[in-house]
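User: I'd like a close look at one part of this model. Please keep it short and clear.

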Amino acid sequence: MNYNDTVNWMFQQLPMYQNKGRSAFKKDLSNTLKLSKHLGEPERRFKSIHVAGTNGKGSTSHMLASILQEAGYKVGLYTSPHLKDFRERIRINGEVVSKQFVIGFIKRNQLFFETNKLSFFEMTVGMAFDYFAKQKVNIAVIEVGLGGRLDSTNIITPELSIITNIGFDHMQFLGDTLEKIAGEKAGIIKEKVPVVVGQTQAETHLVFREKAKSANSNIYFADQLIDETLKSDLKGVYQTHNIKTVIQSVKVLKDRGFKTSDRLLKKGLLNVVTNTGLQGRWQILGNNPKVICDTAHNKESLTYVMQQLHSETFENLHIVFGVVNDKDLDTVIPLLPQKAKYYFCKPNVQRGLEAKHLQKKCLQYNIEGEVYNSVKEALEIAKSVASEQDVIFVGGSTFVVAEII
């Protein structure tokens with residue numbers, strides 16, 4: 001198999017959450033542990049940082065990787081989902097894993113995968129850990145895929161656990177209250193491993209304190225401890241929370257023997273995109289008209305993004321919008337500005353919500369717009385209609401952004 005054949009084969013294995021949603025979710029770590037043993041427990045051969053949270057875990061992971069790179073470390077970075085190419089999920093010092101490694105890993109282990117019915121996500125986590133071990137990274141920043149306790153990444157014993165915040169997302173898996181969701185995220189807290197929590201929330205802080213106490217782990221609430229905020233090349237008012245989380249995390253890492261400095265911290269924050277290749281966070285795609293995209297897709301993250309959008313200067317606002325079919329639209333649509341021209345579209349994944357259904361639901365909230373056959377068509381029409389003084393925003397789903405970056 002060539003690279004495309006290999007990745008297509010991976011996508012076709014047991015339902016992948018990216019496409020299928022709930023049916024792809026597994027309720028235990030037995031397959032991942034079995035795979036780890038088969039691969040020789042690669043996750044034990046490098047140090048790691050584990051990052052969970054409803055929002056901000058991707059940005060936080062990339063910021064930390066950038067800072068550690070500036071400090072001279074060889075840094076692995078595992079994130080999900082990818083925007084354009086599967087290999088974006090697995091990087092070392094910003095460079096994506098080679099096509100040959102992906103092909104070879106699947107070829108060597110294909111019989112094991114098929115025999116044990118491993119999921120796409122389990123295979124991918126195993127691939128990342130195997131790659132980081134073989135490339136002898138100094139440290140790897142590992143982003144949780146979904147939840148925490150039962151996530152495939154949760155077989156590592158990291159130097160530091162980070163939980164950015166808790167919001168209502170993936171409730172069909174993680175629970176219908178913030179306390180229940182926090183309980184799942186707190187599953188990444190390990191015995192005597194310090195934990196940084198980004199935001200103190202009334203409903204969740206006791207969940208984290210109790211879990212940390214039972215694990216004999218020191219816990220730090222970044223928003224209580226960090227007053228300063230530093231500049232980053234990741235724009236968006238919501239990054240302030242992530243930056244404070246990262247500053248506190250670097251303090252803890254220094255206490256654990258990692259060598260960095262205030263200068264390298266600042267430099268790392270200013271060069272996240274260059275160092276790691278991160279895309280889709282309040283990213284400016286063009287000017288005259290200004291075109292902005294953001295992967296925010298739930299109530300908490302969209303609240304911040306819409307606040308930022310209101311602070312832009314424009315004559316008219318155009319919004320290219322699409323979502324996946326398990327999104328709670330009644331929490332998302334009220335956040336959208338009524339005074340805008342909407343271009344509804346369906347992201348090109350199996351979970352994509354039909355644009356006509358989205359249009360109909362938005363009408364209930366007095367939000368009107370036209371339906372288009374694709375994200376690309378919607379954006380092209382918006383560009384043709386908009387004046388140079390207008391702003392076009394593209395979002396609603398990671399998959400919508402992926403199609404136009």
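Predicted model: local features only at pLDDT ≥ 70, side-chain atom pairs only at ≥ 80, totals over all residues.

Which backbone nitrogen does the side chain of Thr54 reach?

Analyst: Start with Thr54. Thr54 sits in the loop between strand S1 (47-52) and helix H4 (57-70). The side chain of Thr54 reaches the backbone nitrogen of Gly167, at 2.7 Å. Is Thr54 buried or exposed? Its relative accessibility is 10%, so Thr54 counts as buried. The cut-off for buried is under 20%.

Now turn to helix H5. H5 covers residues 99-116, which makes 18 residues. At 1.5 Å a residue, H5 should span 26 Å. The end C-alpha atoms of H5 are 24 Å apart, which agrees. H5 also has a kink of about 60°, centred on Asn109. Asn109 is one of the buried residues of H5. Others on that list include Phe101, Val102, Ile103, Phe112 and Phe113. After H5 comes Lys117, and its phi is positive, near 55°.

Two of those partners, H1 and H6, also meet each other. Two packed helices are described by the angle and the distance between their axes. The axes of H1 and H6 come within 8 Å. They cross at roughly 130°. H1 and H6 are therefore oblique to each other. On the H1 side, the contact is made by Trp9, Met10 and Phe11. On the H6 side, Phe120, Met123, Thr124 and Met127 take part.

Definitions and conventions. Residues numbered from 1 in each chain as written. Heavy atoms only, no water. Helix = DSSP H or I, 4+ residues; strand = E, 2+ residues; numbered from the N terminus. Expected span 1.5 Å × (residues − 1). Bend = angle between axes of the 7 residues up to and from the residue. Buried < 20%, exposed > 50% of the residue type's maximum accessible area, 1.4 Å probe, protein only. Polar contact = N/O pair within 3.5 Å; in protein donor to acceptor, adjacent residues only side chain to side chain. Axes fitted to C-alpha atoms, helices over the stretch in contact; angles between N-to-C directions. Parallel < 35°, antiparallel > 145°, perpendicular 65-115°, else oblique. Contact = heavy atoms within 4.5 Å.
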